[in-house]
There are 4 protein chains.
Amino acid sequence: MTRVAVFGASGYTGGELLRLLLAHPGVEVVQATSDQFAGKRLDYPHANLRGMSSLRFVPHDALEPCDLLVSCMPQGGLINRWARVRELAGRVIDLSADFRLDPAAHERWYKKHPRPADVPGFVYALPEWTASALPEARYVAVPGCMAHASLLGILPLVRAGLVKPELVVDAKTGSSGGGATPDRASHHPERASALRCYKPVGHRHTGEIENVVERLTGTRPSVHFSATAIPSVRGILATVHGFTTRPMDEAEPLRAIAMAYREKPFVRLIRPNTSASPFPEPGPLQGTNYCDLSVDVDSERNRIVVNVAIDNLVKGAAGTAVHAMNLMLGRSETEGLGFRGLHPI
Amino acid sequence: MTRVAVFGASGYTGGELLRLLLAHPGVEVVQATSDQFAGKRLDYPHANLRGMSSLRFVPHDALEPCDLLVSCMPQGGLINRWARVRELAGRVIDLSADFRLDPAAHERWYKKHPRPADVPGFVYALPEWTASALPEARYVAVPGCMAHASLLGILPLVRAGLVKPELVVDAKTGSSGGGATPDRASHHPERASALRCYKPVGHRHTGEIENVVERLTGTRPSVHFSATAIPSVRGILATVHGFTTRPMDEAEPLRAIAMAYREKPFVRLIRPNTSASPFPEPGPLQGTNYCDLSVDVDSERNRIVVNVAIDNLVKGAAGTAVHAMNLMLGRSETEGLGFRGLHPI
Amino acid sequence: MTRVAVFGASGYTGGELLRLLLAHPGVEVVQATSDQFAGKRLDYPHANLRGMSSLRFVPHDALEPCDLLVSCMPQGGLINRWARVRELAGRVIDLSADFRLDPAAHERWYKKHPRPADVPGFVYALPEWTASALPEARYVAVPGCMAHASLLGILPLVRAGLVKPELVVDAKTGSSGGGATPDRASHHPERASALRCYKPVGHRHTGEIENVVERLTGTRPSVHFSATAIPSVRGILATVHGFTTRPMDEAEPLRAIAMAYREKPFVRLIRPNTSASPFPEPGPLQGTNYCDLSVDVDSERNRIVVNVAIDNLVKGAAGTAVHAMNLMLGRSETEGLGFRGLHPI
Amino acid sequence: MTRVAVFGASGYTGGELLRLLLAHPGVEVVQATSDQFAGKRLDYPHANLRGMSSLRFVPHDALEPCDLLVSCMPQGGLINRWARVRELAGRVIDLSADFRLDPAAHERWYKKHPRPADVPGFVYALPEWTASALPEARYVAVPGCMAHASLLGILPLVRAGLVKPELVVDAKTGSSGGGATPDRASHHPERASALRCYKPVGHRHTGEIENVVERLTGTRPSVHFSATAIPSVRGILATVHGFTTRPMDEAEPLRAIAMAYREKPFVRLIRPNTSASPFPEPGPLQGTNYCDLSVDVDSERNRIVVNVAIDNLVKGAAGTAVHAMNLMLGRSETEGLGFRGLHPI
């Protein structure tokens, strides 16, 4: 039984992680930290965990040694406590951007990295693409949720040389990606009807996508990323608009994507005429670690469109952490991630 | 391995049942019927089951022998095929109102029952209250979703003599209770902002609630039931307004409810100051078989309010069918019903 | 041209008031106060007013003399500045509860009233019932939004002696009634799926309703009020459950309600078979000053149900302020309140 | 008083048109046709018009002579009755695509045009760009809603030579654009959580946009259009992704857009730092004829993003019909279109 601590466990990704880990047959949650809810039971802020555990939150500073620590701290939260965490935790999975980018890119998109020497120790966990590095990894960085969705659509096409390296990504996202802290933009009366392109240019995930595509395919793309808030809580739909390198119809990109994810249990390519709901939608993926994909080609204009749907809190965060953990621990990839989602929802 | 057929499996309760049964360790789904989708795979109409099974729908008439049949047919669908179903299925669980009420009540609220002699063969499956009759039951009727929620709130109070037998039940419900067939009232532009008391009086579940309370407690209440459509897909919140038989505060009814559900794994009483979300809400119950309850008393006016939240498609339908099936088969009550729900959602 | 100041104009009722007053032919908005947005244009927080006015917010303390002041300050905001406001404003309309209740009731439901001697100077503005007092009124208190909806349904029945004085009111409300200040309960991910009876007993509007019914009909009722949050932004549906004083069908209460609102332009009784949407719903009332009503009777159980729908920010707040203002100024009742609402929405 | 008939008045654009025309000081609605609701009052299907008119629907065939007819018939509805309509109506405004495209384009995107000789008689009504042709126009075609939003963003940039003629348009839309007829995709339980790119390529408005840009600017662009359903009822957000012809920041495109719409009352450019809601959103535009626009530039990648928000039923349909009508009749542009929208909503 692997002894796992959840560091920063009172937010939305922390809650998802607890939901998944408390039901996971191979691990025991030994600590969950939260300064705000210290002393309260785990189900105090997470209503869905009602009656599932009698564990109580402890302050961040009360962290004790554990086999594996998953950090759901916000940006900067792990960097600032890295010296101590490294001492206490045998292995670490981080859900923030603290150790995702090389120091130069980190400085460009966030700020000067205070611990550049520690960055190379982290493996970037995109399990369908970097699984082989995970069993040996001691430190793991989980991708940003919108970068993750975008990459799953972009990588097979770039690798197969089907698409020009100028890509427009128009990502739509629910409100839970913004976290559990109230503010004006997420106040229900302001957010309930929101359909707003809140980050037309300059989104930080731009750098992450460009970086990872280059690292994994050798081609450096220009990614033109925009993020739009839509009136839902969970879910991302990333629409990747690309241009084919030569005339083609759907057959070739369908094949490339199918090949890329052939034995990947969590990525599903929706083929034409197989569903009454033939487009990827995050709705029925809520709570699951699945990613649904589709591909369409406008042969007349040489455009290719890949749609990618995930649950930002699961495949885009906590689920990938568990997926990575399973690989790190040599367990079955899908362990603890069996939930199939709801329809209708 | 019990061989189970789902009769009428293309609607919303059918989909939920398939989701639960396909992941259930003790049963094998051998047939799923649908005239509309005959020949298509189960995941054709149920996007969440994508890749979960290679079974295909067969027409209703192609039903073959099975150990247990669960019918998700609409009102009248089972009655009309009862002779044949009875021959093919060892045991039957029905989710419609076909065999819920005694023939007189059936005629009062629906229409003259065409097979009155078969009604007494059915056990009414309210597992927290009628579990003892289920292991021996051959035929089982699952309660109506709004009746179910209401009864879980009413029964402990009436049995303990804490409440007068005049009860106002104001039930709020999402759109999925209306089924998968499109109509004007459920057309998205008409339904998305709906807050409409569409059945202020005369709702059929009135009779079911009065009937069952009398049968289980010996007291015949007057139930004043109204149903209101609210802008969500899943979930019921039944607000039971009653008047106490004598002055009291919350302590006594809390005790009565806690006692009634002491060892019932799916009913949770929310006690004061134990949650940042202290009121029962169907949101985090979506997909689960849980029921959350709270009780409040206005001592000054002798009013007692019990709020009861469930997912209409699970605790209110498919989940109770599985719960009943587990008891019929002598298996653990909670088998296949382990999903804990999502937060936020 | 009446010179009007809006005191506390950056919240939701303040915004609605500005929308109505800026388009009103008989008044000029001379000042709008807000400490938070002082120096910004009115359309800075109120996106719908974009380009409608070049006025800028001033701090509360910069208030200057005006003919009429409408206060949208939160509870206590006007009481605390009453000495000064009274000096500067010829007439005052208050949207808070500061001067709604007699001092004893105020103390019971809020806290000890610091200026009890000033309370009797205020007329309670329920225009369909207290219009005659408004032309002479110098100070006016606008009803609470849920009290307002409830009263419009209760008053005709009690006055006509059709209903027993024990009433259960189950009111459903959108999120905008909670105001513009972010908090956890109104954070979008927490509120978007909310169906929670957040005030089962003890809601302050209980006292207001009992008080006003007694004052206007001579009968003191017991009002059993519960408030439920539903997943929408605007709108209240108050479902009044009563018991008839003698056997009857719908005819008599329909007549009583029709009589009560015969020449009242903003209250509409929906008669059977006249609409494809035969139940009152706040959806198509958004932005309007209308109130839709229906009545249903369960003759078998002597229950009567009156459903009342309004927009909490208009009929429940800013619209009634303008309606009262029109009557105070001797103008046409409907001036500036002509918007008919949207369908679908 | 211009005598106006609404042809096909029971759907959503028909309802909006009635709402606007019934309150318009310069016209009288003399007939409204609907086969489905013939004999019913206008407020039977349109709940928001309750009490606003005592007119009743007549069958399409009962059409009588009028000064001006507005057709809200679905695709093909007007073409098929054109001989008769032309005889009875002095002037005609059509909201469908029947006479929007030249016959060749019509055949490419719809089907062979049965009356090609009549197409040139129609003026395409994009009031901010083609106003000068409207006073003399006898026959007018209103743009498609998504084409309209896209064009308002694209035209100023192409005309000013700021953007390359390869444009990706990612348009998000609510459910009301699909009309009032129920179907599976718009059934509330299926549509409520929808975030689906239902037309990634091949959308008919592609041709309309390319056509009109060429006609009005002389440059033929390649438009790469995708349409995504989002979980709301009204509203379109069109995100136009383009590439600048040379390095620039926001200043130049802001100027070009500001110039293009300088004296256009319904188009509003949101400038940086002027609003707490600085991005165009269709929410507060619901019910209005306004269009909100913003522009952002990623200088590093030479990308320009223009976001355009409208209400698909008003600016995208009925409002533009009234706007065009005002210009045809020589009346003030804004007459009958004064509603400013709601916030919050």
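**Reading the sheet, the helices and the axis**

Author: In this predicted model, seven strands of chain C form an open sheet in the order 8-9-7-10-13-12-11, with mixed pairing. Strand 8 (196-199) and strand 11 (267-269) of chain C stand at the edges with a single partner strand each, so one side of each has no neighbour in the sheet. Direction ignored, neighbouring strands of this sheet are turned by 25° against each other on average.

Reader: How many bridges join strand 8 of chain C to strand 9 of chain C, and which way do the two run?

Author: Strands of a sheet pair through backbone hydrogen bonds, either parallel or antiparallel. Here strand 8 and strand 9 (residues 222-229) of chain C run antiparallel and are joined by two bridges, and C:R196 stands opposite C:A229 of strand 9 of chain C.

Reader: At what angle do helix 5 and helix 8 of chain D pack?

Author: Two packed helices are described by the angle between their axes and the distance between the axes. Helix 5 (residues 145-159) and helix 8 (residues 251-260) of chain D pack at about 110°, with their axes 9 Å apart, and they are therefore roughly perpendicular to each other. The contact is made by D:P156, D:L157 and D:R159 of helix 5 of chain D, together with D:P253, D:A256, D:I257 and D:A260 of helix 8 of chain D; six of these residues are nonpolar, none is polar and one is charged.

Reader: What rotation superposes chain A on chain D?

Author: Two copies of a chain are related by a rotation about an axis and a shift along it. For chain A and chain D the rotation is 180° with 0.0 Å of shift (RMSD 0.0 Å), which is the relation of a two-fold axis.

Key:
Residues are numbered from 1 along each chain as its sequence is written. Chains are lettered from A and ligands numbered from 1 in the order in which they are written. This is a predicted model: local features need pLDDT of at least 70, side-chain atom pairs count only at pLDDT 80 or more; totals for chains, interfaces and linings use all residues. Side-chain values use heavy atoms; hydrogens and water are left out. Copies are superposed by least squares on the C-alpha atoms of residues with pLDDT of at least 70 in both. Axes are lines fitted to C-alpha atoms, for helices over the stretch in contact, and angles run from 0 to 180 degrees between N-to-C directions. Helices (H or I, at least four residues) and strands (E, at least two) are DSSP runs, numbered from the N terminus. Angles under 35 degrees count as roughly parallel, over 145 as roughly antiparallel, 65 to 115 as roughly perpendicular and the rest as oblique. Contact means heavy atoms within 4.5 Å. Ala, Val, Leu, Ile, Met, Phe, Trp, Tyr, Cys and Pro count as nonpolar, Asp, Glu, Lys and Arg as charged, and the others, Gly among them, as polar. Two strands pair if DSSP finds at least two bridges between them.
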